[in-house]
Amino acid sequence: MMNILKVALKEFFGMFIDDGALALAALLLIAAVGVLVKFAHVDALLGAALLLVGCVLILAESVARAARQRFQRN
């Protein structure tokens, strides 16, 4: 029964989140920049720039990881 539940939950989350590491990194980036802007008094424009650069780096890492996995399969 537990095995069926695990598979069902994995499939449910798979519908919304294909790459868990990408989603987690994006959430952590948003939280970190939010804390910096709110509590460390970082300028909002700098926060936006940090979000942009962070997202680009996270996406680049995700693409590189996917490419490595694809080439390892072949």
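A polar contact is a pair of N or O atoms within 3.5 Å; within protein, one must be able to donate a hydrogen and the other to accept it, and residues adjacent in sequence count only if both atoms are side-chain atoms. The legends below concern a predicted model, where local features need pLDDT of at least 70 and side-chain atom pairs count only at pLDDT 80 or more, while totals for chains, interfaces and linings use all residues. Residues are numbered from 1 along each chain as its sequence is written, and side-chain values use heavy atoms, with hydrogens and water left out.

**View 1. The start of helix 2 and D19.**
A side-chain oxygen of D19 comes to within 3.3 Å of the backbone nitrogen of A21, at the start of helix 2. Helices here are DSSP runs (H or I, at least four residues), numbered from the N terminus. Helix 2 covers residues 20–39. Its 20 residues should span 28 Å at 1.5 Å a residue, and its end C-alpha atoms are 28 Å apart, which agrees. The expected span is 1.5 Å times one less than the number of residues.

Helix 1 (2–16) has 15 residues. From first C-alpha to last it reaches 22 Å, close to the 21 Å expected at 1.5 Å a residue. How many of its 15 residues are buried? The number is zero, so helix 1 lies largely in the open. Buried means under 20% relative accessible area, exposed over 50%, and partly exposed in between (1.4 Å probe, protein chains only). M2, L5, L9, F12, F13, M15, F16 and I17 form a nonpolar patch on the surface. Together they have about 870 Å² of accessible area, by the Shrake-Rupley method with a 1.4 Å probe, where for residues only the protein chains shown count as cover. Patch members have over 30% relative accessible area and no salt bridge; nonpolar side chains (Val, Leu, Ile, Met, Phe, Trp, Tyr) are joined within 5 Å, like charges within 9 Å. I17 sits in the loop between helix 1 and helix 2. I17 is partly exposed, at 39% relative accessible area.

Side chains of opposite charge can pair when their charged atoms come close. A salt bridge is a side-chain nitrogen of Lys or Arg within 4 Å of a carboxyl oxygen of Asp or Glu. By this rule the count comes to two. In one, the side chains of D19 and R65 meet at 3.3 Å, N to O. This pair links distant parts of the chain: D19 is in the loop between helix 1 and helix 2, R65 is in helix 3 (residues 44–73), and they are 46 residues apart. R65 also pairs with E61, at 3.2 Å, N to O. R65 and E61 are four residues apart in helix 3, so about one helical turn separates them. Shared partners join D19, E61 and R65 into one network. Is R65 buried or exposed? R65 counts as buried, at 19% relative accessibility. E61 is partly exposed, at 40%.

**View 2. Buried residues of helix 3.**
G47, G54, I58, S62 and R65 are buried in helix 3. What covers these residues includes helix 2. Contact means heavy atoms within 4.5 Å. Residues up to four places away in sequence are not counted for R65, which touches D19, A21 and L22. S62 is buried, at 11% relative accessibility. Leaving aside neighbours within four places in sequence, S62 is in contact with D19 and L22. Helix 3 has 30 residues, which should span 44 Å at 1.5 Å a residue; its end C-alpha atoms are 43 Å apart, which agrees.

V37 lies in helix 2. V37 counts as partly exposed, at 31% relative accessibility. Which residues does V37 touch, not counting those up to four places away in sequence? V37 touches V42, D43 and G47. V37 and L22 are 15 residues apart in sequence and 22 Å apart in space, C-alpha to C-alpha. Helix 2 is followed by H41, which lies in the loop between helix 2 and helix 3. H41 is not a glycine, although its phi is positive, at about 55°. H41 is exposed, with a relative accessible area of 67%.

Notes. Helices (H or I, at least four residues) and strands (E, at least two) are DSSP runs, numbered from the N terminus.
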